[in-house]
Amino acid sequence: MPKKRKHTDLKKYIHILLAIWLLLNAVPQSFGQEPRKVSKEKIEKLQQDSDFSYATNYRVEEDPLSRIWNWIVSKFFQLVGSAVQGGFWRVVFLILIGLIIAYAAVKLL
């Protein structure tokens with residue numbers, strides 16, 4: 001009986017390692033590239049073009065639950081954005097945190 005458990009544990013770890021490898025290969029390899037530069041004339045031309053005017057003057061009333069959810073989502077995307085800019089090891093660290101959270105959720109269910 002213990003041999004089966006070791007075999008299923010090994011399968012589980014292989015799947016986790018494969019998922020991490022796939023995620024790391026999906027990360028863009030553009031960490032060290034310089035941003036593109038746009039001329040001031042082109043920026044001024046685009047600013048005056050009415051097709052690119054997205055100004056809106058309205059306010060959406062949100063209930064407290066929506067405000068909390070939007071705050072959580074914005075913090076998550078800030079964390080992910082800083083991870084992508086933070087380098088390779090920051091991404092690995094966030095993936096490990098995600099795997100730990102997923103493991104805990106599976107164990108709780």
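## Ground rules and overview

A quick word on terms: a residue is called exposed when its relative accessible area is over 50%, buried when that figure is under 20%, and partly exposed in between. The structure here is a predicted model.

The protein chain has 4 helices and 0 strands, so in order from the N terminus the elements read α-α-α-α. Of its 109 residues, 7% are buried. The accessible surface of the chain is about 10900 Å², and carbon and sulfur atoms account for 64% of that.

## How confident is the prediction?

Mean pLDDT for the protein chain is 77, with 75% of the residues at 70 or more. Going element by element, helix H2 (residues 40-48) has the highest mean, 89. At the other end is H1, with the lowest mean among the elements, 73.

## A closer look at H4

H4 covers residues 88-108. The helix has 21 residues and spans 30 Å from first C-alpha to last, close to the 30 Å expected at 1.5 Å a residue.

Which residues of H4 are buried? They are Val91, Val92, Leu94 and Ile95. Looking down the axis of H4, the buried residues sit within an arc of 165°, so they line one face of the helix. As background, an α-helix has 3.6 residues a turn, so residues three or four places apart point the same way.

Tyr13, Ile16, Leu96 and Leu99 make a nonpolar surface patch of about 350 Å². Helix H1 (2-26) and helix H4 (88-108) are the elements that each give two or more residues to this patch.

Leu99, one of the patch residues, is found in helix H4. Is Leu99 buried, partly exposed or exposed? Its relative accessibility is 31%, so Leu99 counts as partly exposed.

Key:
Residues are numbered from 1 along each chain as its sequence is written. This is a predicted model: local features need pLDDT of at least 70, side-chain atom pairs count only at pLDDT 80 or more; totals for chains, interfaces and linings use all residues. Side-chain values use heavy atoms; hydrogens and water are left out. Buried means under 20% relative accessible area, exposed over 50%, partly exposed in between (1.4 Å probe, protein chains only). Accessible areas come from the Shrake-Rupley method with a 1.4 Å probe; for residues, only the protein chains shown count as cover. Patches are made of residues with over 30% relative accessible area and no salt bridge: like charges are joined within 9 Å, nonpolar side chains (Val, Leu, Ile, Met, Phe, Trp, Tyr) within 5 Å. A salt bridge is a side-chain nitrogen of Lys or Arg within 4 Å of a carboxyl oxygen of Asp or Glu. pLDDT is the predictor's confidence in each residue, from 0 to 100. The expected span of a helix is 1.5 Å times one less than its number of residues. The arc is that of the directions from the helix axis to the C-beta atoms.
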